[in-house]
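Me: I'd like a close look at one part of this model. Please keep the answer connected and brisk.
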Amino acid sequence: DDVFRIRTYVAVCDGSDPMSGTWSILGEFQTPWDSFNLDSTLFTHRGKRYFVWAQREPDIETNSNLYIAPLATPLTLGAKAARLTVPTLDWEVRGYKVNEAAAVLEKNGRLFMTYSASATDDRYCLGLLTADADADIMDPHAWTKSGEPVFQSSVATSVYGPGHNSFTVDEQGRDILVYHGRD
């Protein structure tokens with residue numbers, strides 16, 4: 001009955017083709033707190049697999065913050081989680097105090113982690129954390145937070161509330177940002 005009792009689960013496919021294989025639930029991912037958590041992403045950096053997710057930390061008055069940790073198994077963290085960002089800037093707390101939906105891109109010796117902020121209406125926008133690729137990415141001080149949103153509503157393009165993005169590449173190998181928004 002609690003619509004905000006959102007938790008992260010791991011699904012596994014029994015075949016190499018996710019479109020024809022059978023999927024099953026492996027279990028609930030074990031985060032540090034039994035609280036609202038969502039928008040998990042995985043990435044590999046320097047041969048180690050990392051898990052980044054949004055979660056409400058019980059002693060912080062926000063809706064969600066971003067955390068990172070290496071993985072030990074598909075269901076457990078391999079080290080204590082590090083809190084990377086808490087919504088504190090004006091553009092991160094419009095409607096709701098939200099940092100969520102991280103996506104990671106490594107390019108030109110740097111790690112770029114986009115994330116969504118604020119309410120999921122026309123105030124939704126993307127922030128950016130940046131770290132040197134050689135830094136200890138588990139150290140929150142290794143990351144620099146953008147002072148302004150890097151992608152936000154635009155009357156000129158008729159895109160409102162861009163957020164919850166990911167990165168992929170096109171057929172020519174060019175990086176592409178995929179996001180949701182409103183017209």
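What do β5 and β6 form, and how many residues are between them?

Reply: β5 and β6 form a hairpin with 2 residues between them. Strands here are DSSP runs (E, at least two residues), numbered from the N terminus. This is a predicted model, in which local features need pLDDT of at least 70, side-chain atom pairs count only at pLDDT 80 or more, and totals for chains, interfaces and linings use all residues. Residues are numbered from 1 along each chain as its sequence is written, and side-chain values use heavy atoms, with hydrogens and water left out.

β5 covers residues 65–73, and β6 covers residues 76–77. The two run antiparallel, joined by 2 bridges. Two strands count as paired if DSSP finds at least two bridges between them. Leucine 71 faces leucine 77 of β6 across this pairing.

Now the core. A nonpolar core is a set of buried Ala, Val, Leu, Ile, Met, Phe, Trp, Tyr and Cys residues joined through side-chain atoms within 4.5 Å. The largest one has 23 residues. Ile68 is among the five that touch the most other members, along with Phe43, Met113, Ile137 and Trp143. β5 supplies at least two residues of this core, as do β3 (37–45), β4 (48–55), β7 (82–85), β8, β9 (110–117) and β10. β9 gives the most, with 4 residues. A second, separate core has 9 residues, including Val10, Trp53, Tyr67 and Ala81.

Leave aside residues up to four places away in sequence, and isoleucine 68 touches Phe43, Tyr50, Phe51, Val52, Trp53, Lys80, Ala81, Ala82, Leu84, Ile137 and Met138. Contact here means heavy atoms within 4.5 Å.

Next, another sheet. Four strands form an open sheet in the order β8-β9-β10-β11, and the pairing is antiparallel. β8 and β11 are the edge strands, each pairing on one side only. β10 (residues 125–132) pairs with β11 over 2 bridges. Threonine 130 lies opposite threonine 144 of β11.

One backbone detail belongs to β8. Alanine 101 lies in this strand, which spans residues 99–107. Its phi is positive, about 60°, although alanine 101 is not a glycine. Most residues other than glycine have a negative phi. Alanine 101 counts as buried because its relative accessibility is 1%.

Serine 158 also has a positive phi of about 60° and is not a glycine. Serine 158 is found in the loop between β11 (144–145) and β12 (160–169). Its relative accessibility is 38%, so serine 158 counts as partly exposed.

Key. Buried < 20%, exposed > 50% of the residue type's maximum accessible area, 1.4 Å probe, protein only.
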